Amino acid sequence: MITEPGTSGTVRPQGVGGPLTDVPLVELMAEEATVAGLIAEAARTLADEPTLQQTLDRVVELAVSMVDGCESAGISLVTRRKIESPSVSDPLVARGDALQYELDEGPCLDAIREHALVESGDVAADPRWPRWAPRAAAELGVRSMLCVQLYTSANAHGALNMYATTRDAFGPDSHHLASTFAAVAAAAISAARTEEQLQSAVQTRTFIGQAQGIVMERYSLTAARAFAVMSRVSQDANIKMVDLAREIVDTRRIPSVGEARDD
């Protein structure tokens, strides 16, 4: 932004594809305050979500309500080299995302792989996605897209995908708000994922400990021997230790092991 000499009350932001326009400084300050307020409220809302899935769902909900032009939204996440859409606002997004994964092209994938922000004001005429764009426009009525990268960790990242059925639905203000919100959303998703992993680890240790105690009591084994027996059964049956532990806790016995003591 350029402040005009002698006009401390106005600034002239560089136009996008158009002439420079005088904008009262007070309006810009009010706009920035509004964006800051929206982002702060979104951060507080996301921090209150108790699970990863609920955090993802709330991110999608907030995107639709906060970003001008956004009619539908979804999240693409990459985990272990697999791309999924764990949360979408409606079937249009689910199909639009799935079609991108199927054809291996589209704005969501570009945001994940290459660019912090990908925008298209006329999907039907956009040459970047020659297979996906015509089908998205014809089959789903998609006209505009705004996708922002979500970087949650070195091994798990994705994109926030916003759809509209009107051309040129997303302006510069939408870009600014969406980019800022995406940073907050990525942090919230990363924190929720870490919390879920910790809870899962605690639950796993609890199940295994309970199962180990049952095996010790039922077959008169030491702690080390009981764990060794469980490990052997897990390997022989190709069952995860935690799944075996759950079965032992539920049935009070080791699968394929009778009442006699296992020596």
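Q: What makes Glu139 count as partly exposed?
A: Its relative accessible area is 44%. Buried means under 20%, exposed means over 50%, and partly exposed is what lies in between (1.4 Å probe, protein chains only). The value for Glu139 falls in the middle class, so the residue is partly exposed.

Q: What kind of model do these values come from?
A: The model is predicted: local features need pLDDT of at least 70, side-chain atom pairs count only at pLDDT 80 or more, and totals for chains, interfaces and linings use all residues. Residues are numbered from 1 along each chain as its sequence is written, and side-chain values use heavy atoms, with hydrogens and water left out.

Q: Why is the contact of Arg135 and Glu139 called a salt bridge?
A: The N to O distance between the two side chains is 3.0 Å. A salt bridge requires a side-chain nitrogen of Lys or Arg within 4 Å of a carboxyl oxygen of Asp or Glu, so this pair qualifies. Arg135, at 29% relative accessibility, is partly exposed. Elsewhere, salt bridges with shared partners join Glu49, Arg58 and Glu61 into one network.

Q: How many salt bridges does a search of the whole structure find?
A: The search finds 11. One of them pairs Glu105 with Arg131, the closest N and O atoms being 3.5 Å apart. Glu105 lies in the loop between helix 3 (91-103) and helix 4 (107-113), and Arg131 in the loop between strand 6 (117-120) and helix 5 (132-140), so the bridge ties together parts 26 residues apart in sequence.

Q: Which class, buried or partly exposed, does Glu105 belong to?
A: Glu105 has a relative accessible area of 12% and is therefore buried.

Q: Where do the buried residues of helix 5 lie, seen down its axis?
A: Trp132, Ala133, Ala136 and Ala137 are buried in helix 5. The buried residues fall within an arc of 125°, so they line one face of the helix. That arc is taken over the directions from the helix axis to the C-beta atoms.

Q: What makes helix 7 roughly perpendicular to helix 8?
A: Helix 7 (residues 223-236) and helix 8 (residues 241-251) pack at about 115°, with axes 9 Å apart. Helix 7 is therefore roughly perpendicular to helix 8. The classes are roughly parallel under 35 degrees, roughly antiparallel over 145, roughly perpendicular from 65 to 115, and oblique for the rest.

Q: Which residues of helix 7 and helix 8 meet?
A: Phe227, Met230, Ser231, Val233 and Ser234 in helix 7 meet Met241, Leu244 and Ile248 in helix 8; contact means heavy atoms within 4.5 Å.

Q: How many helices and strands are in the protein chain?
A: There are 8 helices and 8 strands. Both are DSSP runs numbered from the N terminus: H or I of at least four residues for helices, E of at least two for strands. Of the 263 residues in the chain, 40% count as buried.

Definitions and conventions: Axes fitted to C-alpha atoms, helices over the stretch in contact; angles between N-to-C directions.
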